[in-house]
Amino acid sequence: MKKSALQKARAAYQPKLPIALQGAVKVVEGKPTQSVADQETIQKLFPNTYGLPEIRFEKNSTAGQGKPVNVGVILSGGQAPGGHNVISGLFDGIKKIHRDSRLFGFLMGPGGLVDHKYIELTAPIIDEYRNTGGFDIIGSGRTKLEKVEQFDKGLEILRELGISALVIIGGDDSNTNAAILAEYYKAKNTGIQVIGCPKTIDGDLKNNLIETSFGFDTATKVYSEVIGNIQRDCNSAKKYWHFIKLMGRSASHIALECALQTQPNICLISEEIEEKNMSLSDIVSYIADIVTARAAEGNNFGTVLIPEGLIEFIPEFKRLIAELNELLGANADKVAGMDASALTQFIMSNLSAENVASLKGLPEGVARQLMLDRDPHGNVQVSLIETEKLLSGLVSAKLATSQKFKEVKGKFSALHHFFGYEGRCADPSNFDADYCYSLGFNASALINAGVTGYMSSIRNLVKPAVQWIPGGIPITMMMNIERRNAEDKPVIQKALVRLDGEPFRKFAEQREEWAHNTCYIYPGPIQYFGPTEVCDQPSMTLKYEHRN
Ligand code: FBP
């Protein structure tokens, strides 16, 4: 296959490993853990994997002789830069345990395990994918592993291939599945370990021991590069307002990180909008006021960053979505065969009057997305909702009737962008290349330690890679009970943007100035080769959260 010059150079990059993983390791057990909430219920649901201790790996002076191990790996959910490095780290790790160890990749996500679709990942295949973006080595999918029949079908193929450990690389939903699978296999005494790895560009799978999910660093650097380019264009032509929607299904971490990197005129943070109970009309007024103030200075241009999950946080729509989810979940069998118009009619005649009114106030396309499309985990597919057009349309209508905007002779012309898929498969930054390789290598150490129901954890990430701290945390520790498809379910708690956290505080402190003056920063493209301060910097979110 033909390769670009950068592809060739990048293939030779040797990711950095924490010192503790560079030779033999010893396991240091911490205190027993408990779930973040609903402890009693979660303990009952996970009798075999609840309360396990945190684990840390330290350098050991003596190496034991390991036995060959067969391991399965699954890439689950949305793509995130660095997935291939998790797999190559895992491959190198199990080969270090014993050179006869083997790695099998299940194809197209968790569905590959259930349908027995797999390939063996050999050294030549792994070498083709080192330090590359994408999940194309084995593909990914969003099949939800939740039924006993699926677990048993999986068990058949794991036994057939002699696999004694399964690594699931995924976000909060996929790692929830990993915990359920670990519990089931443990309860059945199968001897099969299940280990999770924290993936998602959304950055919402994190806590004290998982400092960030992989892919966030690269994706936000790619989006920030392009936002910077747009800001240069915007500041050159001085005639457009750019409405830029950014991926991140629920939390606004991506928008916040990009704002810190590029200093746009406006960035909406969904969590703040919910906290302040702002309506759609409040948000429109907030944007229109800034557009008017800038117009008064002769600046009829600007940038607005919009997190894609915004609509789910605006209180009037949050109530609407909750009632819709409950209605559709409780009537799943009834609505299954309905066509779009029958379903719309069913929804309209069963929703409360307040929520029918909210739905009717939306453009048809947005209302349709909220009503009809859900992913396999029951989530609204927010990436398909054109919030950027909804907002600019409402702002334009508001300005058209504004006396003040007329007085200052303002002009408003909007352009729209959505950045999401552009960044999810980029070649991992040095940070993500090192972090992912370490996560995978560390997963092999967790397998060697004989644990199950753990997530691979690498900490101390603002320090150079050699000082990173490897270990594992029980997945049940991150769980709580939430309402999903009209049922109470154990799930990993999503980490939303904290309004008392340092990244938001830094943003809030400066946004007034960014709104009225033009303070754009132009980060430029990711650099893979060059000085450390240019090439190896972690995200600003990570730095602000962990700088001491
Ligand atoms: P994960 O949570 O699975 O990592 O996916 C994240 C994400 O990229 C979201 O930002 C986005 O809303 C969603 O995937 C899009 O899903 P799809 O790839 O199925 O269109």
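A polar side-chain atom of Lys199 sits 3.0 Å from an oxygen atom of the ligand. This is a predicted model. In the model, 14 residues surround the ligand. Elsewhere, helix α11 packs with helix α21.

- Glu308 has an N or O atom in its side chain 2.5 Å from an oxygen atom of the ligand.
- Tyr421 places a polar side-chain atom 2.6 Å from an oxygen atom of the ligand.
- Taken alone, the ligand exposes 480 Å². The protein buries 85% of that area.

**The shell around the ligand**
- Which residues are the closest to the ligand? They are Gly78, Arg142, Asp202, Glu308 and Tyr421.
- By class, the shell holds six charged, five polar and three nonpolar residues.

- Helix α11 covers residues 280-296, and helix α21 covers residues 502-516.
- Their axes lie 9 Å apart, at an angle of about 50 degrees.
- Why are α11 and α21 called oblique to each other? An angle counts as roughly parallel under 35 degrees and as roughly perpendicular from 65 to 115. The angle here is about 50 degrees, so the two helices are oblique.

**Residues at the helix contact**
- From α11, the contact uses Tyr286, Ile290, Ala293 and Arg294.
- From α21, Arg511, Trp514, Ala515 and His516 take part.
- The contact of α11 with α21 has five nonpolar, one polar and two charged residues.

Note on methods
Residues are numbered from 1 along each chain as its sequence is written. This is a predicted model: local features need pLDDT of at least 70, side-chain atom pairs count only at pLDDT 80 or more; totals for chains, interfaces and linings use all residues. Side-chain values use heavy atoms; hydrogens and water are left out. A residue is near a molecule or strand if one of its heavy atoms lies within 4 Å of it. A polar contact is a pair of N or O atoms within 3.5 Å; within protein, one must be able to donate a hydrogen and the other to accept it, and residues adjacent in sequence count only if both atoms are side-chain atoms. Accessible areas come from the Shrake-Rupley method with a 1.4 Å probe; for residues, only the protein chains shown count as cover. Ala, Val, Leu, Ile, Met, Phe, Trp, Tyr, Cys and Pro count as nonpolar, Asp, Glu, Lys and Arg as charged, and the others, Gly among them, as polar. Axes are lines fitted to C-alpha atoms, for helices over the stretch in contact, and angles run from 0 to 180 degrees between N-to-C directions. Helices (H or I, at least four residues) and strands (E, at least two) are DSSP runs, numbered from the N terminus. Angles under 35 degrees count as roughly parallel, over 145 as roughly antiparallel, 65 to 115 as roughly perpendicular and the rest as oblique. Contact means heavy atoms within 4.5 Å.
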